[in-house]
Amino acid sequence: KLSEDGLITDAIFAQFYKDARDYFRPRSKWLTEQELKQKGISSEIIDHLVSTIDEEDNACRAALEKSKRLTDVDYETFRRKVGSHLQRRGFSSSLIKQALNKAWEDRKRPSEGPSQSCPH
C-alpha cells in the first residue's frame, strides 16, 4: 500500500537503511552493499548510496564504541577483540589498523574525554 501511494520506494528504504546502519552499527561499504543486495535493492541505488559512506569515520566510530567495553585489557587483547569486531563489519586491514590506533590512543586519555580522532 505504501509503495502504491508513492510513500516508500526502494531508494527511500535503502537510504533509511544505510543511514540507520551508519548511525547505530557502522560498517564498511562492502558489507552495506551486500546487505542492500540481499534486500533486493537495484545496483544503481546501491552504488549511489555506498559512494556516500565514509568508511574511515565508520571504522573509527565502531572501534571506539567497542573499546568502551574493554576497560582493563592489554594491547594484544584490545587489538584482537576490536580488530575482529571491525573485520566482521567488513573493513579492510588498513582501515582496521588505522581505527585500532585511534581507539587505543583515545582509550589512553580517559580523563580528557573523547578525542577528536574520528573525522566527525
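Two residues are in contact when they have heavy atoms within 4.5 Å of each other. Keep that in mind for this tour of a predicted model, where local features need pLDDT of at least 70, side-chain atom pairs count only at pLDDT 80 or more, and totals for chains, interfaces and linings use all residues. Residues are numbered from 1 along each chain as its sequence is written, and side-chain values use heavy atoms, with hydrogens and water left out.

**Whole chain.** Start with the cartoon view: you'll find 6 helices and 0 strands (DSSP runs numbered from the N terminus; helices are H or I with at least four residues, strands are E with at least two). Among contacts between residues at least 6 apart in sequence, 64% join residues at least 24 apart. Of the chain's 120 residues, 38% are buried (under 20% relative accessible area, using a 1.4 Å probe and protein chains only).

**Main core.** Now select A63, F78, V82, L86 and F91. In the largest nonpolar core, which has 16 residues, these touch the most other members. Such a core is a set of buried Ala, Val, Leu, Ile, Met, Phe, Trp, Tyr and Cys residues joined through side-chain atoms within 4.5 Å. Next, colour helix 4 (55–67), helix 5 (75–88) and helix 6 (93–107), as each supplies at least two residues of this core. Which helix gives the most to this core? That's helix 6, with 6 residues.

**Zoom in on L86.** Ignore its neighbours within four places in sequence, and L86 is in contact with A59, A62, A63, F91, I96 and A99.

**Last stop.** Select A14, Y17, I41 and L49: they are among the 7 residues of a second, separate core.

Conventions
Buried < 20%, exposed > 50% of the residue type's maximum accessible area, 1.4 Å probe, protein only.
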